[in-house]
Amino acid sequence: MANYSILALARNALQRHRNWPQAWGSPVLRPSYDAVIIGGGGHGLATAYYLAKLHGMRNIAVLEKGWIGGGNTGRNTTIVRSNYLNPESAGIYEHALKLWEGLSQELNFNVMFSQRGVINLAHDPGEERELRRRIYANQLAGVDAEWVGPTQLSELCPILNLDPNIRYPVVGGTLQRRAGVARHDAVAWGYARGADHLGVHIIQNCEVTGFDIREGRIEGVRTSQGDIKTPKVGVVASGHSSVLAAMADIRLPLESHPLQALVSEPVKPIMPTVIMSNKVHAYMSQSDKGELVIGAGIDGYISYAQRGSLPVIEETIRAIVELFPITSRLKMMRQWAGIVDICPDASPIISGTPVKGLYFNCGWGTGGFKATPGSGHVFAHTLAKDAPHPLNAPFALERFYSGALVAEHGAAAVAH
Amino acid sequence: MLLLDCPWCGPRSEEEFSCGGEGHIVRPTASAEMDDQAWGDYVFMRTNTKGMQLERWRHANGCGRWFNMARSTTTHEIVAVYKVGDDKPELPK
Ligand SMILES: Cc1cc2nc3c(=O)[nH]c(=O)nc-3n(C[C@H](O)[C@H](O)[C@H](O)COP(=O)(O)OP(=O)(O)OC[C@H]3O[C@@H](n4cnc5c(N)ncnc54)[C@H](O)[C@@H]3O)c2cc1C
Ligand SMILES: [Zn+2]
């Protein structure tokens, strides 16, 4: 793997950029692997990277039915933050945020992590109390969080509508300064390149169609490119997790719903931070290309069609135009949806199953992009050691039988 | 956008309805004898079908009544609308 550096850039510029090496290869599927990861999104690729790098497992493969990053990884609005309510969540999301802070160096790939801050608005005293409670919980858990009033808000984001006479006036908000956004594709590509360099096979256009299970233990995986023997499988398939679980006669507590986003035509920098509102259900940031990136909610019914319905984005746009009146005449350029795996307590599932050697990492729903490095890191540990990392132990499937749910509806309510 | 056919009010826009998820989940009668496993399965575990699904809907901003529907979760095609308590409809293969 050629190192990316200013020198490499200069050298390749002289060669008119014709000789850049491939970032990752297209290997032929082997008949057996020590472990197989199903799903080439950010979480699956990160899992493979850390399995190879930290646990010395190099005879492994990532199987992706489409192209890497083509699922929710390449469809999300890229908000990264760690200000959740419960200590279990602070553990995993803050672990991820710390990894984000060094990720471009770690991968020698610019993931464009930009800590421009994330603000969660409060629109009434009840919401203010709720958000202040979350600030105290964050501070106790070592996560940076502070309250910002209207004056500070107008300095942090001059285009925010602070008129007290609007339908849902803004009374203040929380600010996590270390939060921000990153380049979603780059995360998939960076982990893919790093994993490929360590010997991991990244197999695209390879759909898993079944499992070989004997005496309660996984023995292999059936795919559109042939059968593979393997003693260990990690499923990281977001909206399709239930479909894969059904192949092993397992049911998960998940529902798959479309989640939509849209971007405007590009404009000059007007939005220096990220602003989200639970109450009116909308959030917005600005990409480096200048597009305003706007997130909507989920459709109310189960769907595997990556489309999303119009009423949902109409509602979001109503809220955006009231919060940021400057956007009222902007043209929207693109709209899309990803299928997200909604979990009843709005927390992820990182867990073994009744089938030995078969593990799932799913349930991230509307908000798993921010967790990508941390999720891959602890899931690799879980797979390598056949035991959970302390940070993902609370997120096992057992919690739906013991009742020890990690309810994060408040911190995760605006779908992102 | 879906056009849903409420059994009482007729065809109305998707915005008037709320979806209650997977249908035909029957509340256990011998609940006192159930263990944690059985409760967890009943309360949380779902099939989350990709394809034709029987599901519950409510005409929330209309007559307020619940009913059942057979709908594809990949194409959104609705093949049957039927009342709570009716038998499951014949589904196309
Ligand atoms: C519109 C939108 C906005 C969002 N905004 C945010 C945000 O701002 N911040 C945030 O933190 N999160 C956000 N999310 C959520 C986030 O995108 C996801 O939680 C996260 O990207 C999940 O990553 P993943 O790698 O687990 O899944 P994915 O990237 O979806 O990868 C799963 C992969 O599995 C593959 N697969 C499925 N079935 C099979 C099979 N049978 N065989 C082989 N491969 C298979 C799929 O093709 C897919 O590529 C958003 C999501 C959406 C849709
Ligand atoms: Zn009705």
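Residues are described as buried under 20% relative accessible area, as exposed over 50%, and as partly exposed in between, with a 1.4 Å probe and protein chains only. The model is predicted, so that local features need pLDDT of at least 70 and side-chain atom pairs count only at pLDDT 80 or more, whereas totals for chains, interfaces and linings use all residues. Residues are numbered from 1 along each chain as its sequence is written, chains are lettered from A and ligands numbered from 1 in the order in which they are written, and side-chain values use heavy atoms, with hydrogens and water left out.

In chain A, Arg183(A) pairs with Asp185(A), their closest N and O atoms being 2.9 Å apart; Arg183(A) is partly exposed at 31% relative accessibility, while Asp185(A) is buried at 19%. A salt bridge also joins Arg214(A) to Glu219(A), with 3.3 Å between the closest N and O atoms, and Glu219(A) is partly exposed, its relative accessible area being 29%. Glu101(A), Arg178(A), Glu94(A), Lys98(A) and Asp144(A) are linked in a salt-bridge network.

The zinc ion (ligand 2) is coordinated at 2.0 to 2.4 Å by the SG atoms of Cys6(B), Cys9(B) and Cys63(B) and by ND1 of His59(B), donors being N, O and S atoms within 2.8 Å of the metal (3.2 Å for Na, K and Ca), and sites may look incomplete because water is not among the atoms. Along the chain, these donors follow the spacing C-x2-C-x49-H-x3-C. Of the coordinating residues, Cys6(B) is buried at 3% relative accessibility, whereas Cys9(B) is partly exposed at 29%.

Note on methods
Salt bridge = Lys/Arg side-chain N within 4 Å of Asp/Glu carboxyl O.
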